[in-house]
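Could you walk me through this protein model in plain words?

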Amino acid sequence: MICNLFRYITGKYRSLIRRFFIYYNRVKLSLYGIEYGKNLRIYIYIYIRGAGRIVIGDDFHFTSGDCYNPICRNIRGAFYTTTKDACIEIGDRVGISSACIWAKERITIGNDVNIGGDCLIMDNDAHPHDYLQRRNNYLEQVGPEIYRESIPTAPIEIGDDVWIGARCIILKGVHIGARSIIAAGSIVTKDIPADAVAGGNPCRVIKLKNNGES
């Protein structure tokens, strides 16, 4: 009896917290100048950094921390645009759990995409390849703009109805075709065709699904 009452009270509390953060995050995104469609739901806190453009479609669902997705536990998700020209564009009916989406150029996510817990999607290598350019004195000498230009980057495109499993890493220049499935823990460094099941490090096609297969 006591256990059931405790579960009931904590469940109601979490429901109220979730409802609060839905409205809190809608206001937060508006203040950051992020464009979003109807019925946006982001639970708990999300990091937002950078001055680039972020566009989100209708019925967007993002869990971030507080174990709303048990795989993620208390990991927060993030939108990070390295430059003012960077763009993150997300379609309709997309669900994401505690992912870090980091754009220097462009990341495009289609409609009806599911991105599992604690994924990393980044269209750049974060640092230059030349070891001399990675030294702190190089950044001090040339300034942040030239330093960022020395970082390799290429846009990412994720097609409609793609399912990306938990803890995947999607790296620069990758195109994932519509309806494909990426197995949990994969590191995607090259294009994956439509209607494929792929996985591994590096990620490779395991099989192609039959046309019309759900």
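Here is a tour of the cores, a hairpin, the surface and some backbone angles.

This is a predicted model, where local features need pLDDT of at least 70 and side-chain atom pairs count only at pLDDT 80 or more, while totals for chains, interfaces and linings use all residues. Residues are numbered from 1 along each chain as its sequence is written, and side-chain values use heavy atoms, with hydrogens and water left out.

**The cores**

Let's start inside. A nonpolar core is a set of buried Ala, Val, Leu, Ile, Met, Phe, Trp, Tyr and Cys residues joined through side-chain atoms within 4.5 Å. Buried means under 20% relative accessible area, exposed means over 50%, and partly exposed is in between (1.4 Å probe, protein chains only). The largest core has 39 residues, and Phe60, Phe79 and Ile164 have the most contacts inside it. Among the elements that give it two or more residues are β3, β4 and β19; strands are DSSP runs of E with at least two residues, numbered from the N terminus. A second, separate core of five residues includes Phe21, Ile22, Ile44 and Tyr68.

**A hairpin in the open**

Now look at β19 (residues 196-199) and β20, which pair in the antiparallel sense over four bridges. To count as a pair, two strands need at least two bridges found by DSSP. Why does β20 lie largely in the open? Of its five residues (204-208), the number buried is zero, so that's how it ends up there.

Four residues sit between the two strands of this hairpin, and Gly200 in the turn has a positive phi of about 110°. Asn201 and Pro202 are joined by a cis peptide bond, with omega about -5°.

**Tyr47 and its contacts**

Tyr47 belongs to strand β3 (residues 46-50). Setting aside neighbours within four places in sequence, Tyr47 is in contact (heavy atoms within 4.5 Å) with Arg76, Gly77, Ala78 and Phe79.

Most residues other than glycine have a negative phi, and most peptide bonds are trans. Asn39 and Ser98 are not glycines, yet Asn39 has a positive phi of about 60° and Ser98 has one of about 50°. Asn39 is in the loop between β1 and β2, and Ser98 is in the loop between β8 and β9.

Which of these residues are buried and which are partly exposed?

| Residue | Relative accessible area | Class |
|---|---|---|
| Tyr47 | 37% | partly exposed |
| Tyr45 | 33% | partly exposed |
| Asn39 | 37% | partly exposed |
| Ser98 | 2% | buried |
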